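Q: I have a structure to go through with you. Can we start with the terms and then look at the contacts?

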Amino acid sequence: MNVAPVSRRARPAKAPLSRDLVIETGLRILDTEGLAALTMRRVAQELDTGAASLYVYVANRDDLMTGMLDHVLAGVAAPVQGDWRQRLTALVETTVDALARHEGLALVAFGRIPTTEHTLGLIEQLLALLREGGLDPAAATWAVDLIHLHITAEAAEQAAHYATGGSAVDHLAEISRRVAELPAERYPTIVAQRSHMLAGDSDDRARWALRAVLNGILATPVVR
């Protein structure tokens with residue numbers, strides 16, 4: 001039996017390309033297929049177009065991931081409850097969680113100057129909270145650099161657990177097993193302190209680390 005050809009006009013109309021659509025598609029591929037699958041060609045395939053057409057909206061893969069980072073940060077709400085320190089802690093934890101859920105995005109934020117709307121918005125919030133806490137402009141500015149490093153490092157570590165299908169609990173169990181096998185004559189200090197090394201869950205450690213960072217910031221004036 002002959003099947004009548006389907007007219008191209010009968011197909012559902014494609015959504016018009018835009019930077020937002022390209023970014024949202026890239027994020028969906030990242031979350032479902034992983035970082036290695038995120039290529040311009042794969043995004044174009046998902047959008048039923050040619051890779052060359054994407055370059056009207058994103059300069060390259062790096063620009064695509066920068067846009068994806070900004071898109072994710074747009075969903076981080078500004079905390080409104082508590083004093084400046086409680087709000088800053090909540091902002092940091094929420095940002096870490098948002099980045100950690102998308103493989104590779106924390107590394108996009110690492111070590112680069114923020115230039116997009118919502119990355120700048122995060123810096124604005126951090127600066128305002130630190131100034132509210134009494135830091136002078138120079139100390140607050142330098143403190144943001146340190147807090148930003150903490151956010152990206154913490155998010156990258158958590159994302160690594162998600163990407164491998166594990167969790168912080170699995171990671172701690174592996175460390176526990178490995179430390180238990182260490183010879184005391186070669187690693188006497190580690191073996192003596194292994195109960196402390198394994199104490200506390202990842203949230204406890206992350207909160208302690210942030211407290212340590214903030215306490216150090218507050219106690220360290222800028223000296224030129």
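This is a predicted model: local features need pLDDT of at least 70, side-chain atom pairs count only at pLDDT 80 or more; totals for chains, interfaces and linings use all residues.

Q: Is arginine 28 buried, exposed or partly exposed?
A: Arginine 28 has 42% relative accessibility, so it counts as partly exposed.

Q: What does glutamate 46 form with arginine 28?
A: A salt bridge, with the closest N and O atoms 4.0 Å apart. Glutamate 46 sits in helix 2 and arginine 28 in helix 1, 18 residues apart.

Q: Which residues are linked with them in a network of salt bridges?
A: The network links Arg28, Glu33, Arg42 and Glu46. Glutamate 33 and arginine 42 meet at 2.7 Å, N to O. Arginine 42 is buried, at 18% relative accessible area, whereas glutamate 33 is partly exposed at 40%.

Q: New topic. How do helix 1 and helix 4 pack?
A: At an angle of about 85 degrees, with axes 9 Å apart. The two helices are therefore roughly perpendicular. The contact includes Val22 and Leu27 of helix 1 and Leu64 and Met68 of helix 4.

Q: And the largest nonpolar core, which residues touch the most other members?
A: Leu64, Met68, Leu88, Leu105, Leu130 and Ile147, out of 48 residues. Helix 5 gives the most to this core, with eight residues.

Q: What does leucine 130 touch?
A: Among its contacts are Trp84, Leu88, Val144 and Ile147.

Terms used
Residues are numbered from 1 along each chain as its sequence is written. Side-chain values use heavy atoms; hydrogens and water are left out. Axes are lines fitted to C-alpha atoms, for helices over the stretch in contact, and angles run from 0 to 180 degrees between N-to-C directions. Helices (H or I, at least four residues) and strands (E, at least two) are DSSP runs, numbered from the N terminus. Angles under 35 degrees count as roughly parallel, over 145 as roughly antiparallel, 65 to 115 as roughly perpendicular and the rest as oblique. Contact means heavy atoms within 4.5 Å. A nonpolar core is a set of buried Ala, Val, Leu, Ile, Met, Phe, Trp, Tyr and Cys residues joined through side-chain atoms within 4.5 Å. Buried means under 20% relative accessible area, exposed over 50%, partly exposed in between (1.4 Å probe, protein chains only). A salt bridge is a side-chain nitrogen of Lys or Arg within 4 Å of a carboxyl oxygen of Asp or Glu. Lists of a residue's contacts leave out its neighbours within four places in sequence.
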